[in-house]
Amino acid sequence: MTVSKNINNPVGQGGGQRKRQSRAERQNNGPHRNLDRQGAADQKAELVRKMREKAGVAEAAESADAATAQS
């Protein structure tokens, strides 16, 4: 029996025919990775938004303290 070294050649794979994979999918760069990247980008955007809100609150408190000190 011939042993296949090509991932797109189903000979010798034992499980029947498999889906043909593009080069990107073979390198773990398929559509699932795009979804992971989108999720990571969403998390980062949320974190940045929270940090900016905290920084804005801190700045407002500092400016309020400065205004109180001047009066």
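Glu 46 and Arg 49 both belong to helix H2 (residues 31-70), where three residues, about one turn of the helix, separate them. Helices here are DSSP runs of H or I with at least four residues, strands are E runs of at least two, and both are numbered from the N terminus. Arg 49 and Glu 53 also both lie in helix H2, four residues apart, again about one turn of the helix.

## Basis of the model

This is a predicted model, in which local features need pLDDT of at least 70 and side-chain atom pairs count only at pLDDT 80 or more, while totals for chains, interfaces and linings use all residues. Residues are numbered from 1 along each chain as its sequence is written, and side-chain values use heavy atoms, with hydrogens and water left out.

## Salt bridges

The structure contains two salt bridges, each defined as a side-chain nitrogen of Lys or Arg within 4 Å of a carboxyl oxygen of Asp or Glu. One joins the side chains of Glu 46 and Arg 49 at 2.4 Å, N to O. In the other, the closest N and O atoms of Arg 49 and Glu 53 are 2.5 Å apart. Through shared partners, Glu 46, Arg 49 and Glu 53 form one network.

Glu 46 is partly exposed at 34% relative accessibility, Arg 49 at 37% and Glu 53 at 45%. Buried means under 20% relative accessible area, exposed over 50%, and partly exposed in between (1.4 Å probe, protein chains only).

The protein chain has two helices and zero strands. Of its 71 residues, 1% count as buried. Its accessible surface is about 6,500 Å², with 52% belonging to carbon and sulfur atoms (Shrake-Rupley method, 1.4 Å probe; for residues, only the protein chains shown count as cover).
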